[in-house]
Amino acid sequence: IGDFVGYILFGLQLFLHKYVYCIFSTGQVSAVTFQQSPPQLVAEKSEVQINCSHNDGNLPVMLWYQHMKENQSMTLTGYGYQNTRQTFEGQFEKQFKLTRGSATTGTLTIPSAELSHSAVYFCAASTQ
């Protein structure tokens, strides 16, 4: 199937050769509807943008999680409010960029995708 670096299917990660495939989740929690970007297959070193939106302006904090195949839990990558500096966890500040378009929209950007970024990414919202 050509040169592929990796892909994820239902949270299972398979490595092949020169591309990174990410699946993003869309769901509904407590009557709050979230929308995220569809799955993407990207070349290494390319920029990846994962958009997220929800429909509850009373949830001003947007959080981003990464779930990798080898982990049973999700890892918080970063979070923040609109119009403030976003907060990152550990090494993610050097690898990712978080932006907020409004109280209900945000984007996680991977400026230069690497094989190690192959994962399922989730956004969430909170009051604090």
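This dialogue goes through the features of one predicted model.

Reader: What should be known about the model before reading it?
Author: The model is predicted: local features need pLDDT of at least 70, side-chain atom pairs count only at pLDDT 80 or more, and totals for chains, interfaces and linings use all residues. Residues are numbered from 1 along each chain as its sequence is written, and side-chain values use heavy atoms, with hydrogens and water left out.

Reader: What is the mean pLDDT of the chain?
Author: pLDDT is the predictor's confidence in each residue, from 0 to 100. Here the chain has a mean of 78, and 77% of its residues reach 70 or more. Over residues 1–23 the pLDDT is below 50. That stretch has 75 contacts in the model beyond near neighbours in sequence, a contact being heavy atoms within 4.5 Å. Where pLDDT is low, the predicted coordinates should not be read in detail.

Reader: How many helices and strands are in the chain?
Author: Helices (H or I, at least four residues) and strands (E, at least two) are DSSP runs, numbered from the N terminus. This chain has 1 helix and 13 strands. Along the sequence the pattern is β-β-β-β-β-β-β-β-β-β-α-β-β-β.

Reader: Which strands pair with β9?
Author: Two strands pair if DSSP finds at least two bridges between them. Strand β9 (residues 75–80) pairs with strand β8 (residues 61–67) in the antiparallel sense, over 5 bridges. In this pairing Tyr-79 of β9 stands opposite Leu-63. Strand β10 (residues 87–88) also runs antiparallel to β9, joined to it by 2 bridges. Phe-88 in β10 stands opposite Gly-78.

Reader: What lies between β9 and β10?
Author: The two strands form a hairpin with 6 residues between them. In the turn, Asn-83 has a positive phi of about 60°.

Reader: How much of the chain is buried?
Author: Buried means under 20% relative accessible area, exposed means over 50%, and partly exposed lies in between (1.4 Å probe, protein chains only). Of the 128 residues, 40% count as buried. Accessible areas come from the Shrake-Rupley method with a 1.4 Å probe, and for residues only the protein chains shown count as cover. The chain exposes about 7100 Å², of which carbon and sulfur atoms supply 53%.

Reader: What share of the contacts joins residues 24 or more positions apart?
Author: Among contacts in the chain with a separation of 6 or more, such residues account for 47%. Val-32 lies in strand β5 (residues 32–36). With a relative accessible area of 8%, Val-32 is buried.

Reader: Is Thr-77 buried or exposed?
Author: Thr-77, in strand β9, has a relative accessible area of 1% and is therefore buried. Leaving aside neighbours within four places in sequence, Thr-77 has contacts that include Trp-64, Gln-66, Phe-88, Phe-92, Phe-96 and Leu-108.

Reader: Where does Phe-92 lie?
Author: Phe-92 is in helix α1 (residues 92–95). Its relative accessible area is 4%, so Phe-92 is buried. Phe-92 and Thr-77 are 15 residues apart in sequence and 5.9 Å apart in space, C-alpha to C-alpha. Not counting residues up to four places away in sequence, Phe-92 touches Gln-66, Thr-75, Leu-76 and Thr-77.

Reader: How many aromatic pairs are there?
Author: Rings of Phe, Tyr and Trp (its six-membered ring) pair if their centres lie within 6.5 Å; planes under 30 degrees apart count as stacked, over 60 as edge-to-face and the rest as tilted. By this rule there are 2 aromatic pairs. Phe-96 and Tyr-121 form an edge-to-face pair, 6.0 Å centre to centre with 75° between the planes. This pair links distant parts of the chain: Phe-96 is in the loop between α1 and β11 (97–102), and Tyr-121 is in strand β13 (residues 120–126), 25 residues apart. Phe-96 and Tyr-121 are buried. Ring pairs link Phe-92, Phe-96 and Tyr-121 into a cluster.

Reader: Which cysteines form a disulfide?
Author: A disulfide is a pair of cysteine sulfur atoms within 2.5 Å. A search of the whole structure finds 1. Its partners are Cys-52 and Cys-123, with sulfur atoms 1.8 Å apart. Cys-52 is in strand β7 (residues 48–54) and Cys-123 in strand β13, 71 residues apart. The link is right-handed, with 60° about the S-S bond. Cys-52 and Cys-123 are buried.
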